[in-house]
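Hi,

Here is the structure I promised to hand over. My notes follow below it.

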Amino acid sequence: MKISRDDFDKYMFPCYKPMSMVLTHGKGAHLYDDLNNSYLDFTAGIAVNSLGHANKSVVKIIRKQCNKLIHASNIFVNDKTLTLAKKLCEKTGYEKAFFANSGAEANECALKLARRVAFDNVGEEKCEIISFLKGFHGRTLFSVSVGGQDKYSNGFGPKPQGITHLPFNDLESFKKTISDKTCAVMLELIQGEGGIIDIDPTFLQGVIELAQKHQALIIVDEVQTGVGRTGTFYAYEQFGFRPDILTSAKGLGAGLPIGAVLTSTEIAKHFGPGVHGTTFGGNPLACAVAAYVVDKVGDNKFLDKVVVKGNLLREGLEGINERLHCFKSLRGRGLLQGLELTGVLENKAALVQECCAQEKLLVLLAGSNVVRLAPPLIIRKKELAYGLELLESALAKALEKAKE
Ligand SMILES: Cc1ncc(COP(=O)(O)O)c(C=O)c1O
């Protein structure tokens with residue numbers, strides 16, 4: 001069947017605005033379109049393809065598992081789901097895992113869980129959730145309402161109640177708001193969709209102490225920052241604490257849809273049989289791949305390389321800025337970097353993205369003023385260096401266009 005980009009407009013919901021090319025395949029850190037153009041991929045499917053495209057081991061595991069068991073539902077348990085749960089718990093020190101199909105679903109589960117814990121232990125008055133402006137937690141009605149961007153949650157009728165959004169990194173407003181009625185605080189350690197905004201460690205410390213004082217659970221959303229993206233298996237390790245509830249997705253499946261919620265036995269016990277569930281979550285195919293990802297990415301040698309490559313990327317970006325003076329700030333950690341634009345490029349992240357694509361480099365946006373880079377974790381150093389060259393020439397072109 002002959003297809004083209006126009007078929008998107010003709011046959012698909014218009015809720016995305018995909019770029020002009022039609023992708024057909026990928027290999028490592030490269031993507032190819034139907035005209036056989038090759039692109040260097042600094043998007044990794046929005047921080048998903050942690051091991052790159054068409055990774056040989058991932059393909060082998062998928063093939064093998066497809067010949068054994070793709071799905072059986074949660075009325076049975078299977079060897080691959082159990083293996084993944086055990087590996088994740090052993091890796092992190094958490095005691096219990098729940099598997100979903102996406103980040104939003106993992107967050108939905110975490111939020112429901114926090115409310116149920118408070119309901120069981122205290123009563124229905126302890127139901128308030130604190131989250132942060134510019135935070136992003138997915139698109140189910142609950143997760144999008146906890147997210148801190150009205151533009152995503154308005155216009156869908158009544159929202160779930162009891163959610164307060166506060167400015168990120170502002171401890172004073174948090175101090176004034178948290179109370180014994182707060183059941184959970186949900187946050188990202190680097191706000192991803194909101195513009196790659198790093199958490200202030202002093203703010204985080206204050207949040208942890210106050211949450212403990214008021215017996216509110218801390219839910220950390222590591223859907224984007226998790227699974228090696230920032231140089232440790234989970235980013236929380238860099239802040240010296242372990243969240244009460246952790247959510248993970250994206251890179252965990254290396255391209256297969258999976259979400260995970262990790263917590264303690266004490267918290268998980270509030271989800272007894274029938275309280276929460278999913279048909280596809282924890283299916284053996286996604287779990288078989290994710291178990292491999294935990295071993296591969298969780299290996300210290302692999303993580304050390306992510307740190308080295310993250311530093312190279314940051315140094316390269318600083319070099320570009322010395323020459324072009326187009327970034328107001330560089331943010332993020334490891335292989336998740338945000339370039340805040342300034343001068344004539346202010347609020348022109350989409351133009352930069354377009355110019356990058358013309359140079360055959362694919363990059364992400366995080367709002368109108370931040371270009372986000374999230375290459376596959378397996379990217380080679382020389383590919384990173386080449387990507388930086390492409391980025392520099394794209395920025396130079398964008399600067400010219402923006403002046404026109
Ligand atoms: C921090 C964070 N949480 C949740 C989500 C939602 O994940 P999904 O799109 O898999 O539902 C995202 C997606 O970008 C995210 O970045």
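How many bridges join strand β1 to strand β2? Four, and the two strands, β1 (residues 23-27) and β2 (residues 30-33), run antiparallel. Before the rest, two notes on the basis. This is a predicted model, where local features need pLDDT of at least 70 and side-chain atom pairs count only at pLDDT 80 or more, while totals for chains, interfaces and linings use all residues. Residues are numbered from 1 along each chain as its sequence is written.

**Strands**
Strands are DSSP runs of E with at least two residues, and helices are runs of H or I with at least four, numbered from the N terminus. Two strands pair if DSSP finds at least two bridges between them. L23 has D33 in β2 as its bridge partner. The hairpin of β1 and β2 has two residues between the strands, and G28 takes a positive phi near 60 degrees there. β2 is also joined to β3 (residues 38-41) by three bridges, again antiparallel, with L31 opposite Y39. Four residues lie between β2 and β3 in their hairpin, where N36 in the turn has a positive phi of about 65 degrees.

**Ligand**
The ligand is surrounded by 15 residues (C-beta atom, placed from the backbone, within 6 Å), and S102, G103, A104, G138 and V223 are the closest. Helix α5 (residues 103-121) gives the largest share of this shell, three residues.

Hope this is a handy start!

Best wishes
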